[in-house]
Amino acid sequence: MAHRDPYEEAKKQLRQTVDLLGLGDDIYVMLAVPERIIQVKIPVKMDDGSVKVFIGWRSQHNSALGPYKGGVRYHPDVTMNEVIALSMWMTWKNSLAGLPYGGGKGGVRVDPHMLSKSELERLSRAYFEAISDIVGVDQDIPAPDVYTDPQVMTWFFDQYSRVKRGQYFGVVTGKPLDLGGLYTRIISTGYGTAITAREAAKKVFGGVEGRTVAVQGYGNAGYYAAKFLHEMGAKVVAVSDSRGGIYSSKGLDPDDVKAVKNKTGSVIYYEKGVEKKIGIDEILELDVDILIPAAIENVITEENADRIKAKIIAEAANGPTTPEAEDILTRKGIVVIPDILANSGGVIVSHIEWANNRIGGLITEEEAKQRLENKMITNFARVWDYWNKKLDTSKHNMRTAAYAIAVERVVNAMKLRGWI
Ligand code: NAD
């Protein structure tokens, strides 16, 4: 497959949405260009006394709806264009979710596995200090993304609080439970995905009970999606991770499988009721009702889309379906719940965490979970209705509807503010 520039892809999606909504070129340009992108140099003193220089970015795409919000990614291949594209997608995700946030994203070009813990701490503190003038509780609120976690968020929050001389818990989300984080944040993405799959199953099959599910990727998003779909009465027949997958027609117990993965490093060592082992790509083509890609991007392509048998695909991962593949799936009548809806549970609970930090931690876990559930149900219904009532479902997919709603809300905010 030809190399894709994510920023070009993001602009193409925006162009299509702007055209669908009959908006002008000026609005396209306003939304295609991020409001601000900064590049910072991050010199890190290594444990052996040498100095290594890393490069980081923060892209602030649009703030019409509120402060920028989006994660920080540590990855050896991260590029500036990728960070810009991800920040634009965050604008749409936050807008669609009905949150008072714009979109932002950060990245540092580093392989964190090559650093010791103290080197990682120095890198994290230096990166956050370098961007400390453009982030803030009401300005830009980062969160975890690929290879960043609650510990990294703690270093960010602590460094910012040192520099700004205060206690700024709300400057990042995804913090540990003892520092203003919520347990609900941990389950949020997978739980949210499970809710959207259940809502879609009600429309397509009349309910999720007894429906078969395959989950690709068994990390945070995949495991919780499997666990909650199982609790909702669905039958999780197959799961996989980077080592391979397992299949049981009678259904797997997601918690049991997770326990084995934690102990052995992979789901492939789980044996109870397993009828066969399956390959990494095979899981996508199983004869199941619901497919949850929860691993990496671009796994459903024009090459395998024709062989997909699931009736519903809920995108827990970001960008698992290529545009060419989605055209094929749309023609086949497969319902794809787009990533900006299906995996929005994470940022929805990040918003609750941020709000909770500002009111002294008054929101309980039960309340947070209930709010997440209500919001996922409402947001699913809004996209479903737009798709079915305003668009031609044989030509357009749910993603088009989600983008239309998201872009419209941002455009309205820009109009009200007098930006356009
Ligand atoms: P994770 O690191 O916890 O888990 C990733 C899982 O995918 C692991 O089990 C890994 O073994 C597996 N994997 C990797 N390559 C694979 C392959 N080729 N085939 C099958 N499995 C493979 O990551 P996560 O947080 O669960 O994120 C997964 C996806 O969900 C990513 O696309 C991420 O951007 C998206 N997402 C996560 C969150 C969140 O809050 N965790 C929020 C929004 C989106």
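Domain bounds here come from an automatic or database domain assignment. I'm working with a predicted model, where local features need pLDDT of at least 70, side-chain atom pairs count only at pLDDT 80 or more, and totals for chains, interfaces and linings use all residues. Residues are numbered from 1 along each chain as its sequence is written, and side-chain values use heavy atoms, with hydrogens and water left out.

**Domains.** I get domain 1 at 35–169 and domain 2 at 187–342. Their C-alpha centres sit 30 Å apart. For the contact (heavy atoms within 4.5 Å), I find four residues from domain 1 and four residues from domain 2. Next I looked up the buried area, meaning the accessible area (1.4 Å probe) that two parts lose on being put together, summed over both. Between the two domains that is about 370 Å², with 65% from carbon and sulfur atoms. On the domain 1 side, Trp92, Lys93 and Leu96 lose the most area to domain 2, together 80% of what that side buries.

I then checked polar contacts (N or O pairs within 3.5 Å). A ligand oxygen is 3.1 Å from a polar backbone atom of Tyr218. For Ala295, the distance from a polar backbone atom to a ligand oxygen is 3.3 Å. Ala316 has a backbone N or O atom 3.4 Å from an oxygen of the ligand.

Technical notes: A polar contact is a pair of N or O atoms within 3.5 Å; within protein, one must be able to donate a hydrogen and the other to accept it, and residues adjacent in sequence count only if both atoms are side-chain atoms.
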